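Reader: I am new to this structure. Can you show me how to read it?

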Amino acid sequence: MDKELAGFGWYIKRIDNALAREACRNVQSHNLTMQQSHLLFVLSDAENHTRTLKELESIFGCAQSTLAGLVTRLEKKGLVEGFTDPRDRRIKHVRLTESGAEMRQTCHKDILQSEKRMSAGMTEEEKQKQRRAKNREKVYENLKDDMDETEHCHNNYHNNEGKE
């Protein structure tokens, strides 16, 4: 496609595709899926690195049974641990292990490396301009209502990835 004729959306889509491919390669190199990596980040941001399955169900927008499988696979890898609430045995908690926290750091380093590659060749002024750019927030705000449905489809697709 002629770069002069390419619209704003064309570039955003190409950037998104390239970042998604790189992210998938990165997590796969650590024997993880995107959903597993996302769970490590969600737990690392939680108080005591712990959330209930019910909370995770809400965050991920999928059934508790789907999350239970995701958690089980991460438990087998030693990255999370599941336990029942001592006050209410019906409630299951998931906690990030030390190995899980280390893997989350590794994944975060991959993200920073991708960011560095993305901004290669830019001057410091151009990088600062991109960080401060309000237009990306405006584009998101303009489209986010439509994206709720798309994210749901995207999440449903990715919730099924890595099922073993």
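Author: We take confidence, then the sheet, then the helices. This is a predicted model.

Reader: What is the mean pLDDT of the chain?

Author: The mean is 85, and 84% of the residues reach 70 or more.

Reader: Where is confidence lowest, and where is it highest?

Author: Where pLDDT is low, the predicted coordinates should not be read in detail. Confidence is lowest in helix 7 (residues 135–159), with a mean of 59. The highest value, 97, belongs to strand 3 (residues 92–96). Over residues 149–164 the pLDDT falls below 50. That stretch has 15 contacts in the model beyond near neighbours in sequence.

Reader: In what order do the strands form the sheet?

Author: Strands of a sheet pair through backbone hydrogen bonds, either parallel or antiparallel. Here 3 strands form an open sheet in the order 1-3-2, with antiparallel pairing. Strand 1 (50–52) and strand 2 (80–84) each have a single partner strand, so one side of each lacks a neighbour in the sheet. From one strand to the next, the twist averages 25°. Strand 1 pairs with strand 3 over 3 bridges. Thr-50 stands opposite Arg-95 in strand 3.

Reader: Which strands does helix 2 touch?

Author: Helix 2 packs on the sheet and touches strand 1, strand 2 and strand 3. Its direction makes about 95° with that of strand 3. Helix 3 (residues 53–60) lies across strand 1 and strand 3.

Reader: How do the axes of helix 2 and helix 4 cross?

Author: They come within 10 Å and cross at roughly 80°. That makes helix 2 roughly perpendicular to helix 4. Residues in the contact include Leu-39 and Leu-40 of helix 2 and Leu-70 and Val-71 of helix 4. By class, the contact has 5 nonpolar, 2 polar and 1 charged residues.

Conventions
Residues are numbered from 1 along each chain as its sequence is written. This is a predicted model: local features need pLDDT of at least 70, side-chain atom pairs count only at pLDDT 80 or more; totals for chains, interfaces and linings use all residues. Side-chain values use heavy atoms; hydrogens and water are left out. Axes are lines fitted to C-alpha atoms, for helices over the stretch in contact, and angles run from 0 to 180 degrees between N-to-C directions. Helices (H or I, at least four residues) and strands (E, at least two) are DSSP runs, numbered from the N terminus. Angles under 35 degrees count as roughly parallel, over 145 as roughly antiparallel, 65 to 115 as roughly perpendicular and the rest as oblique. Contact means heavy atoms within 4.5 Å. Ala, Val, Leu, Ile, Met, Phe, Trp, Tyr, Cys and Pro count as nonpolar, Asp, Glu, Lys and Arg as charged, and the others, Gly among them, as polar. pLDDT is the predictor's confidence in each residue, from 0 to 100. Two strands pair if DSSP finds at least two bridges between them.
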